[in-house]
Amino acid sequence: MKNYDVQLHNDLLHPVREWLKTIEIHHSKVAHFLCKAIPAQYPFERDITLFGRKLLHIPPMCKLNPLYEEVVGLRFKALCYLADECGEDVTAYC
């Protein structure tokens, strides 16, 4: 039953994954927006400690986001567009 639930969840997200993969970047304003909106590193990974003892570990959001690979790929496309097509220095986004 558990494998069925995971398979169903993946099938529901398949159209969104495919759509994200096919997005092309053709405007620098869109590329800049995506680079600012999608973080280079996913936040929130934390260890909660009390009196020097780790009580809880919160995983990075990327482990919880089922579309992580596609979103990071979109950010990469935007960075490549800015660097390759526009000739901009993208180190500010890294």
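I read the elements of the chain from the N terminus as α-α-β-β-α, taking helices (H or I, at least four residues) and strands (E, at least two) as DSSP runs numbered from the N terminus. The model is predicted, and local features need pLDDT of at least 70, side-chain atom pairs pLDDT 80 or more, while totals for chains, interfaces and linings use all residues. Residues are numbered from 1 along each chain as its sequence is written, and side-chain values use heavy atoms, with hydrogens and water left out.

I looked up burial next and noted that 23% of the 94 residues count as buried, which is under 20% relative accessible area, against over 50% for exposed and in between for partly exposed (1.4 Å probe, protein chains only).

I then turned to arginine 75, which lies in helix 3 (residues 68-85). Arginine 75 is buried without a salt bridge, and aspartate 89, the nearest side chain of opposite charge, is 12 Å away; a salt bridge would need a side-chain nitrogen of Lys or Arg within 4 Å of a carboxyl oxygen of Asp or Glu. The arginine 75 side chain does reach the backbone oxygen of tyrosine 93, at 2.5 Å.

Last, I found a nonpolar surface patch of about 620 Å², made by Ile48, Leu50, Phe51, Leu55, Leu56 and Ile58; patch residues have over 30% relative accessible area and no salt bridge, with nonpolar side chains joined within 5 Å and like charges within 9 Å. Strand 1 (46-50) and strand 2 (53-58) each give two or more residues to the patch, and strand 2 gives the most, with three.

How values were computed
Lys and Arg count as positive and Asp and Glu as negative; His and the chain ends are not counted. A polar contact is a pair of N or O atoms within 3.5 Å; within protein, one must be able to donate a hydrogen and the other to accept it, and residues adjacent in sequence count only if both atoms are side-chain atoms. Accessible areas come from the Shrake-Rupley method with a 1.4 Å probe; for residues, only the protein chains shown count as cover.
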